[in-house]
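This report describes a helix and a loop in the structure shown below.

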Amino acid sequence: MKDNVQYGFVRRSTKEVIANNTAETSTAFAKEYYLQSPEELLESHHGVCWDSTELERRWFDDHGYHPQVFFLMYAKEGGTDLPTHTFVAFEKDQKWYWFEHAFADQRGIHEYASLNELLDDVKLKHHQYAVKNRGAADEDFSRLRSAPFEQPKYGVSAQEFVEAVLKQNKSLVE
C-alpha cells in the first residue's frame, strides 16, 4: 500500500486530488470528500484512512481473514475538530494484529496479546498524535471512543460517513 496509496482525497465535483497539508484541505474535505470504493482508491492513488481501511477490509476478506474495522472519535458535546481514525484489526493464531497504513507514524503490522490491548494502544497513539498535531488536550483522552463498524456505502460524504458509523454505534457519543 505504501507504494500505491498516498494520503489525500479526491474532490467530488472535479475528481481533482487534494494532497495532505494544503491550505484548502480542511474546507475542501468537508464540502468535497466522498468515500471511494477500493477500485476508485487504487485508480486515484490518494485517500484518507476511511478510504484505505475499506481497501484493507476488502483485501482481508478476500484472503480468508475476518477483519474488524474500527472507528475512533472524540465524543465532545457540541462536536469537535479533533481527528477521527479508522483501522483494521484481525486475529491470527490467538494473537491480535493492527494493520495500519494511513497513520504514517504507525504504518505497519502491530502484534498484541488481546483485542483490548490493541484498542488501548491505538487509542493512546491516536491521542498522542492529536495532542502534538491537532490541539487536543490531555483531558480529551477520556472522551476518545472506539467501536467496530460495518462496511459503509461508497460515495457518501464525510458527514454521511460519520452519521452512518454513529447510527451503528451509539456508544461512540455516550
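## Loop and helix features

D93 is exposed (over 50% relative accessible area, where under 20% is buried and in between is partly exposed, with a 1.4 Å probe and protein chains only), its relative accessible area being 65%. This is a predicted model, in which local features need pLDDT of at least 70, side-chain atom pairs count only at pLDDT 80 or more, and totals for chains, interfaces and linings use all residues. Residues are numbered from 1 along each chain as its sequence is written, and side-chain values use heavy atoms, with hydrogens and water left out.

D93 is placed in the loop between β5 (85-92) and β6 (95-100); helices (H or I, at least four residues) and strands (E, at least two) are DSSP runs numbered from the N terminus. Q94 also lies in the loop between β5 and β6. Most residues other than glycine have a negative phi.

Helix α3 spans residues 49-62, 14 residues in total, and reaches 20 Å from its first C-alpha to its last. That reach is close to the expected 20 Å, the expected span being 1.5 Å times one less than the number of residues. Ten of the 14 residues of α3 are buried, so the helix is largely enclosed by the rest of the structure. After α3 comes G64, with a positive phi near 80°.
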